[in-house]
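Subject: Structure handover

Hello,

Here is the structure for your use. My notes on what was found in it follow below.

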Amino acid sequence: MLSLAQARLMQLAAQGLLQPLRRRPRRDDVVAMIERMRLLQIDTIHVVARSPYLVLHARLGDYPMAWLDEALAQGRLAECWAHEACFVSAADIAWHRGGHDQRMHHWAHRNAARMHREQRADMDALLAGIRASGPVRAADFARTQGASKPGWWEWKPEKRWLEAWFALGELMVARRDNFQRVYDLAEHVLARLDPPFDDAADALTAAELRHRAIVDSVRALGVTQACWIADYFRLKPKVTDRELAPLLLTGELLAVPVQGWATPGYVHRDHADVLAKAMRGRLRATHTALLSPFDPLVWDRARALAMFDFEYTIECYTPAAKRRYGYFVLPILHRGRLVGRLDAKAHRADGVFEVKALFLEPGVTPDTGLVQALAKVIADTAGWHGTPDIRLERTQPATLMKPLRAALNASR
């Protein structure tokens with residue numbers, strides 16, 4: 001039987017968060033890490049680095065953010081709807097496009113199909129224009145309805161149509177300019193993928209595509225209960241122990257009891273060696289990292305609570321008066337545990353990394369080792385942002401303020 005602590009270590013190992021990278025990162029590491037996680041969720045909030053860059057930083061350390069943009073422009077990555085809008089490797093995009101009409105349970109696909117029914121003439125005209133004139137950005141279309149508030153709910157019509165065609169598969173993202181999508185016809189983007197696009201996935205049945213999504217989710221999670229699998233790729237209906245039974249018979253998945261779980265834990269056969277090490281107590285967590293709110297480790301709130309005893313809500317969508325911790329709060333991973341959370345903002349023009357508040361979880365003792373690790377990860381993240389001037393405003397407990405400030409000063 002795995003202990004819960006051993007199960008945590010397996011999940012961290014699968015996600016590339018067990019130990020820090022032991023060498024300088026390389027360009028190929030960006031694609032390799034996305035392949036390891038199976039996807040990388042996209043979000044545009046950038047009070048600190050935008051989420052996809054931050055997820056990679058937690059695993060790779062000090063890498064140039066441009067590497068992610070370059071990999072997309074070179075066709076080594078592609079964008080699609082998976083968990084939400086995500087980057088996936090070029091090798092995996094065929095699976096996400098295969099059986100496209102079988103993805104209609106996802107809200108993005110449903111909304112896109114409804115929009116095309118209701119605004120077919122305008123959408124078809126937009127697509128014909130791209131076919132005639134080439135790639136476009138939403139910014140290439142002038143707003144005709146006057147000034148508006150920022151946010152997806154105030155998108156101009158052309159942006160909505162571009163996004164709908166993207167969800168429906170007729171358009172893809174050729175590259176990003178300053179993080180703005182550049183849309184092109186899908187056949188043009190697919191033609192330059194590396195490795196080449198495999199259109200055999202179009203012939204796969206819904207059952208085969210679901211099977212692929214299930215085993216990829218289990219592989220990415222390291223060890224998981226059946227009830228957590230569907231969320232990874234937004235599968236419907238939920239995955240059950242009964243559905244997984246045939247995969248145990250073929251040996252594709254392994255079942256292992258986990259202390260405190262009423263149902264089995266599932267492990268992909270590729271992780272059999274990691275499972276053996278975990279059961280012998282040979283996995284060791286040495287990594288400290290600041291996680292994006294959209295990191296795969298924490299995006300499933302029920303899983304984060306059960307695995308790490310960490311109750312987490314993304315509060316950027318919560319009215320300011322009702323926020324408990326802050327707008328864009330980063331979970332703090334330290335040696336196999338989620339020990340706290342950091343509310344920060346990068347003031348890039350001023351070179352300032354503002355730590356509005358750092359909260360330790362109840363029962364976490366700010367010993368010297370933790371304080372030193374916190375100072376290092378904050379300093380490393382601030383330096384990576386190009387905001388080396390760190391301003392620490394508040395800590396909880398308050399007694400953490402003095403030693404952490406001293407450790408930050410010493411790290412400069």
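In the hairpin of strand 4 and strand 5, two residues lie between the strands, and Asn 178 has a positive phi near 50°. This is a predicted model, so please read every value here as computed from it.

Strand 4 covers residues 171–177 and pairs with strand 5 in the antiparallel sense, over six bridges. One of the pairs is Val 173, whose bridge partner in strand 5 is Tyr 183. Strand 5 runs over residues 180–185 and is mostly covered, with five of its six residues buried.

There is also an open sheet of three strands, in the order 1-3-2, with antiparallel pairing. Strand 1 (40–41) and strand 2 (77–81) are its edge strands, each pairing on one side only. Strand 2 is joined to strand 3 (residues 85–89) by five bridges, and the two run antiparallel. Within that pairing, Ala 78 has Val 88 in strand 3 as its bridge partner. As background, strands of a sheet pair through backbone hydrogen bonds, either parallel or antiparallel.

Is Arg 8 buried or exposed? Its relative accessibility is 19%, and because the cut-off for buried is under 20%, Arg 8 counts as buried. Leaving out residues up to four places away in sequence, Arg 8 touches Met 307, Phe 308 and Gly 336. Arg 8 and Phe 308 are 300 residues apart along the chain, yet their C-alpha atoms are separated by 7.3 Å.

For pocket work, the second largest pocket holds about 520 Å³ of space. It is lined by 27 residues, of which Pro 20, His 287, Thr 288, Lys 376 and Asp 380 are the closest to its centre. The elements that give two or more residues to this lining are helix 3 (51–60), strand 8 (288–290) and helix 15 (368–385). Helix 15 gives the most, with 10 residues. By type, the lining divides into 11 nonpolar, 10 polar and six charged residues.

Last, confidence. The mean pLDDT of the protein is 94, and 96% of its residues reach 70 or more. Over residues 147–153 the pLDDT is below 50, and in the model this stretch has five contacts beyond near neighbours in sequence.

Regards

Technical notes: Residues numbered from 1 in each chain as written. Predicted model: local features only at pLDDT ≥ 70, side-chain atom pairs only at ≥ 80, totals over all residues. Heavy atoms only, no water. 1 Å grid on protein atoms, 1.4 Å probe; cavity = no way out; pocket = protein on both sides within 12 Å on 5 of 7 lines; lining within 4 Å. Points joined across faces, edges and corners; volume = space filled by probe spheres on them. Helix = DSSP H or I, 4+ residues; strand = E, 2+ residues; numbered from the N terminus. Nonpolar A, V, L, I, M, F, W, Y, C, P; charged D, E, K, R; others polar. pLDDT = per-residue confidence, 0-100. Contact = heavy atoms within 4.5 Å. Buried < 20%, exposed > 50% of the residue type's maximum accessible area, 1.4 Å probe, protein only. Pairing = 2+ DSSP bridges.
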